[in-house]
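Reader: Before I plan anything around this protein, I would like to go through its model with you, one question at a time.

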Amino acid sequence: MSVLKKVVVLIVVLAMAVSVAACTTPAPVTPSESAPAPVESSTAPSVDPSSPSPSPQAEEGKVFRIACWNEEFKSRFADYFEKPGKLPAGVTVEWMITPSQNNAYQNKLDADLLNQASAAADQKIDMFLIEADYALKYVNSEYTLDVIGDVGLTQDDIKDQYKYTQEIATDANGKLKGVTWQATPGLFAYRRSIAKDVLGTDDPAAVQQELADWDKFDAVAAKAHDKGYKMLSGFDDSYRTFSNNVSAPWVDANDKIVIDPNIMRWVDQTKTYTDKGYNNKSILWDSQWNADQGPSGKVFGFFYSTWGINFTLLGNSLAKPTAEGGKVEVGNGVYGDYAVCQGPQSYYWGGTWICAAAGTDNMSLVRDIMKTMTCDKATMKQITVDTQDYTNNAAAMNEIATSDFKFDFLGGQNHIALFAEAAPKINMKNISPYDQGLNESIQTAMHDYFNGKVTKEQALENWYTAIIEKYPNLKK
């Protein structure tokens, strides 16, 4: 299929509000030794950094509407844009929050964008957020503006952003259509006490040597089992590490679904782990999976990206939750008993991108928000210092990576240094507009196979049936 045809198909997909499975990752409530500058990508937009920004409109709107699926960006906006006094006087920010469950957010956003041209000025969407797994649906549409050509950011503004974050939001014509304050490289978070029992050490460098590839990882799984532990909690834990290292996109130029060998390697490994008792048969986000990360858990470790460590894993580690008066400190559950290492392969998981909506009457404010929240080094650095999240500015992250920064939750480890090694290695050349639906549905379809209810072949047939019903233009 030609690039133009793909773009047309994607616009039709948006206009028809095709149902794409809702992302199950909690919104990130959601680099090589000293982390060199990000590698340039041929898909990144090329514009003279000295080119002038578009002149602001003479009269901009007084209502600024932002569409998103939870309050994570709302809190970042409040702390690092609104409280510092960057919001223009007289402007009211209206948050249009629709949860992601059952694709509700995308359905509502699609309907609103279709009405954008005829909507009253104060009813237009000015800015909306998207996630990586369905980013191309919006990036390759007429509803998102060119961040440089339309909004007015420059190449100099975005020079320190990790290139993979730009590749995800670059359209078929090479235009950058979204920016993010986050970078989300993944690591393997393991229990120090369990590593000592199984491997005789909890030192991150030594543990990494034991887990440096999948064969070694499997060998440690066997050792952990012999000691009474599970290597992973459940079926889906390692999926993103495999799926982010495929050799080609899910769908080829003829709209044929292609199952990469790396996906089948995940299937085979997970079936082996299930049959041998190396996991607890949990599913991401279920009660067993959450409990396995806490004081009663006996699981060696978890694959997590940036947001997962400082939000989900930390929260699950506490014996007494903060909502019940528990303190975030050593002594509360297994806080302090985790550490991180790179694991078998580099990968990423999650992230949230900011898009400027076509038709906005607040272009100057859109530009200011994007520049402050995704380009400003001082802001990026402060977000990481305050929240331990990893932000999308290589220069700021490298400063923290080479500093005495430490995270008590990880036993005093500077996890930013490991994220800084991993981020430049992320490769986005094999993404497709169908990633969310295909990734989530194959995991679901394989659960029956892992549990012994169907054969591998039947599970695949069930998956093909479900995915072609969701995307009628695709074929086996």
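Author: Helices and strands are taken here as DSSP runs, helices of at least four residues and strands of at least two, numbered from the N terminus. Please keep in mind that this is a predicted model.

Reader: How many helices and strands does the chain have, and what share of its residues count as buried?
Author: Counted in that way, the chain has 19 helices and 7 strands. A residue is called buried under 20% relative accessible area. Of the 476 residues of the chain, the share that counts as buried is 57%.

Reader: Where is Asn 102 placed, and is Asn 102 buried or exposed?
Author: Asn 102 has a positive phi, near 55°, although the residue is not a glycine. The place of Asn 102 is in the loop between strand S2 (92-97) and helix H3 (104-114). Because exposed means over 50% relative accessible area, Asn 102, with a relative accessible area of 72%, is exposed.

Reader: And Asn 103, is that residue buried or exposed?
Author: Asn 103 is likewise found in the loop between S2 and H3, and its phi, near 65°, is also positive in a residue other than glycine. The relative accessible area of Asn 103 is 2%, and since the cut-off for buried is under 20%, Asn 103 is buried.

Reader: How many disulfides does the structure hold?
Author: A disulfide is a covalent bond between the sulfur atoms of two cysteines. Cys 341 is buried at 1% relative accessibility, and Cys 375 is buried with a relative accessible area of 12%. With a pair of cysteine sulfur atoms within 2.5 Å as the criterion, the number of disulfides in the structure is 0.

Reader: What kind of pair do the rings of Phe 235 and Phe 450 form, and how many residues apart in sequence are the parts that the pair ties together?
Author: A search of the whole structure finds 39 aromatic pairs. In one of them the rings of Phe 235 and Phe 450 have their centres 5.2 Å apart and their planes at 40°, so the pair is tilted. Phe 235 lies in the loop between helix H9 (214-226) and helix H10 (239-243), whereas Phe 450 lies in helix H18 (residues 435-450), so the parts tied together are apart in sequence by 215 residues.

Reader: What kind of pair do Trp 307 and Trp 349 form?
Author: Trp 307 and Trp 349 are both buried. Their ring centres are 5.1 Å apart and their planes stand at 70°; because planes over 60 degrees apart count in this way, the pair is edge-to-face.

Reader: Which lysine has its charged end over the ring of Tyr 449, and which one over the ring of Tyr 464?
Author: In the case of Tyr 449, a charged end sits over the ring at 4.9 Å from its centre, and that end belongs to Lys 271. For Tyr 464, the distance from the ring centre is 4.9 Å, and the residue is Lys 476.

Reader: Which residues are closest to the centre of the second largest pocket?
Author: About 360 Å³ of space lies in the second largest pocket. Helices H10 and H18 each supply at least two residues of its lining. Of the 23 residues that line this pocket, the closest to its centre are Ser 243, Asn 244, Asn 245, Val 246 and Asn 427.

Definitions and conventions: Residues are numbered from 1 along each chain as its sequence is written. This is a predicted model: local features need pLDDT of at least 70, side-chain atom pairs count only at pLDDT 80 or more; totals for chains, interfaces and linings use all residues. Side-chain values use heavy atoms; hydrogens and water are left out. Buried means under 20% relative accessible area, exposed over 50%, partly exposed in between (1.4 Å probe, protein chains only). Rings of Phe, Tyr and Trp (its six-membered ring) pair if their centres lie within 6.5 Å; planes under 30 degrees apart count as stacked, over 60 as edge-to-face and the rest as tilted. A charge sits over a ring if NZ of Lys or CZ of Arg is within 6 Å of the ring centre and within 35 degrees of the ring normal. On a 1 Å grid over the protein atoms alone, a cavity is a set of points where a 1.4 Å probe fits but cannot get out, and a pocket is an open set with protein on both sides within 12 Å along at least five of seven lines; lining residues have an atom within 4 Å of a point. Grid points are joined across faces, edges and corners, and a volume is the space filled by probe spheres set on the points.
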